[in-house]
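I opened my notebook to write down what I looked up in this structure.

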Amino acid sequence: MKSNLVYVAPDKLGGVISIIANLLQHRRPDEFQHCAVLTHNHLDTDTRFDRPLAADKQIKFEQRLPIENLRSVMRRLAAAIPPGPGVLVSNDFLELAMLTRHDTGHTVFQLLHGDHEYYYGLAEKHEPVIDAYIAYSRAMYENLLRLLPARRETIFHLRYGIPLPPKVRSPKPGALRLLFAGRLEHGQKGIYDLPQIDARLQELDAEITWTIVGEGPHGDELKRRWPQSSRVRYLGQMTNAEVLAQCAEHDVFVLPTRAEGFPVALLEAMGTGLVPVVSNIETGVPEVVTSGETGFTPEVADIAGFAAAIAELAQNRDRLETMSRAARQVVVEQFDIRQRVADYQALFARYRELRRPRPKDVTLHYGSRLDNPWIPNAVVYPIRYGIRLMKGKRVR
């Protein structure tokens with residue numbers, strides 16, 4: 001009987017789902033039955049991932065935290081996960097919290113996919129139940145080593161990869177075609193910088209057009225600040241194949257991000273030959289973009305710097321084409337998923353030697369008095385539901 005390799009992640013459209021989808025799609029035959037458990041919080045307003053993955057089994061786990069009793073949700077999640085031995089790949093608090101109370105029999109890998117205090121906090125809080133860590137940017141790897149020096153032998157840096165896009169952009173005369181594709185959220189992605197960059201480009205008389213792909217919590221506000229026009233169009237949420245098709249019809253990928261783990265959308269855009277103009281952040285971007293050669297990296301929130309880089313590409317089309325070829329070559333040589341997935345599978349195959357003894361007593365870092373195991377969820381849920389209604393918060 002095969003061991004289980006279980007990925008657990010929220011069903012939010014974004015980077016971690018793309019990673020899991022590609023690891024499943026391009027896996028080679030191995031000793032595991034591959035399973036994806038996608039957790040769905042009915043109170044979450046983020047855009048959902050609702051497509052089948054290339055797993056042997058895909059499970060949708062539904063919950064309504066923080067209205068429900070956390071202990072009840074943890075028990076249900078433990079029961080939903082196919083039992084070990086094997087591998088459990090975690091990335092968020094729910095499954096890690098569950099593991100402090102329920103040993104599923106798996107070797108637990110934390111996939112660190114964001115260069116944020118939140119994810120480093122998860123790594124530190126749940127260290128007793130995490131057998132190994134995977135960081136897919138060099139900066140995140142080094143940060144984990146500083147945070148958990150005693151775990152050096154179980155912290156791994158594995159580059160992530162993407163399928164090489166089937167279509168590559170071609171030169172086109174006329175306006176420079178700019179693309180943003182990602183979650184429409186300002187705190188991380190910096191989307192409110194986009195209309196300011198556009199205003200500066202108009203001052204520079206740069207002939208450009210914008211295409212914005214994606215949805216998110218700040219999408220309506222972005223459209224209010226920057227309405228659709230002959231210069232800018234919004235295409236909403238698209239499938240990955242549709243996004244790649246859009247990439248091939250553009251010239252420049254603009255990403256004014258504040259923080260990334262490893263920007264998958266950036267890799268995909270460069271794979272189609274788009275020249276990136278992306279914020280100079282410490283993690284992810286420096287491993288992909290060499291400023292002035294394969295793209296430009298103005299400082300975070302440097303509106304003038306973003307506009308100057310785009311204007312340079314609009315005016316110097318020879319440079320645009322040279323950088324386009326160089327951008328794609330980086331992806332071809334270093335980030336082909338067919339090569340990268342082998343590294344992940346080789347590490348997962350070591351699950352027996354990497355599994356550590358489970359401590360008898362592990363701290364659960366979440367919950368209140370209503371989250372005690374002896375209080376039925378049937379009591380907790382209506383109390384919290386009523387409180388949430390009185391505060392005018394989302395209930396569903």
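**Entry 1: strand β10 and its sheet**

I started with β10, which has a covered face made of Val-232, Tyr-234 and Gly-236. Its uncovered face holds Arg-233 and Leu-235. I noted the general rule behind this: in a regular strand, side chains alternate between the two faces of the sheet. I also noted that this is a predicted model.

I then checked how β10 is held to its partner. Strand β9 (residues 208-213) and β10 run parallel and are joined by four bridges. Which residue of β10 is the bridge partner of Ile-212? I found Tyr-234. Tyr-234 also belongs to the covered face of β10.

**Entry 2: helices on this sheet**

How do α7 and α11 lie relative to each other? Their axes come within 9 Å and cross at roughly 55°. α7 and α11 are therefore oblique to each other. The crossing is right-handed. From α7, the contact uses Asp-193, Gln-196, Ile-197, Arg-200 and Leu-201. From α11, it uses Ile-303, Phe-306, Ala-307, Ile-310 and Ala-311. I wrote down the classes: seven nonpolar, one polar and two charged residues.

**Entry 3: inside α7**

I listed the buried residues of α7: Asp-193, Leu-194, Pro-195, Ile-197, Asp-198 and Leu-201. What covers them? The cover includes β8, α6 (186-189), β9, α8 (219-225), β11 and α11.

Asp-198 got a closer look. Asp-198 lies in helix α7 (residues 193-203). Is Asp-198 buried or exposed? The cut-off for buried is under 20% relative accessible area. Asp-198 has 4% relative accessibility, so Asp-198 counts as buried. Leaving out residues up to four places away in sequence, Asp-198 touches Ile-208, Trp-210, Trp-226 and Arg-231. Ile-208 falls within the residue range of β9.

I also checked the stretch just after α7. There, Asp-205 takes a positive phi of about 60°.

**Entry 4: α11 and α12**

I followed the chain to the next pair of helices. Helix α11 (residues 303-315) and helix α12 (residues 317-334) pack with their axes 5 Å apart. The angle is about 105°. That makes α11 roughly perpendicular to α12. On the α11 side, the residues are Glu-312, Leu-313, Ala-314 and Gln-315. They meet Arg-317, Arg-319, Leu-320 and Met-323 of α12. By class, this contact has four nonpolar, one polar and three charged residues.

**Entry 5: the seven-stranded sheet**

I turned to another open sheet, with seven strands in the order β3-β2-β1-β4-β5-β6-β7. Its pairing is parallel. β3 (57-63) and β7 (155-157) each have a single partner strand, so one side of each is left without a neighbour in the sheet. Here, neighbouring strands are turned by 20° against each other on average, direction ignored.

How many bridges pair strand β2 (residues 32-41) with β3? I found seven, in the parallel sense. Among the residues involved, Val-37 has Ile-59 of β3 as its bridge partner. Helix α5 (residues 138-147) packs on this sheet and touches β5 (107-112), β6 (132-135) and β7. Its direction makes about 165° with that of β7.

**Entry 6: Asp-115**

Last, I looked up Asp-115, in the loop between β5 and α4 (117-125). Not counting residues up to four places away in sequence, its contacts are Tyr-120, Met-140, Asn-143, Ala-259, Glu-260, Gly-261 and Thr-283. I also checked a distance: the C-alpha atoms of Asp-115 and Val-168 are separated by 30 Å. Those two residues are 53 residues apart along the chain.

How values were computed:
Residues numbered from 1 in each chain as written. Predicted model: local features only at pLDDT ≥ 70, side-chain atom pairs only at ≥ 80, totals over all residues. Heavy atoms only, no water. Axes fitted to C-alpha atoms, helices over the stretch in contact; angles between N-to-C directions. Helix = DSSP H or I, 4+ residues; strand = E, 2+ residues; numbered from the N terminus. Parallel < 35°, antiparallel > 145°, perpendicular 65-115°, else oblique. Contact = heavy atoms within 4.5 Å. Nonpolar A, V, L, I, M, F, W, Y, C, P; charged D, E, K, R; others polar. Buried < 20%, exposed > 50% of the residue type's maximum accessible area, 1.4 Å probe, protein only. Pairing = 2+ DSSP bridges. Left-handed = near helix turned anticlockwise from the far one by under 90°.
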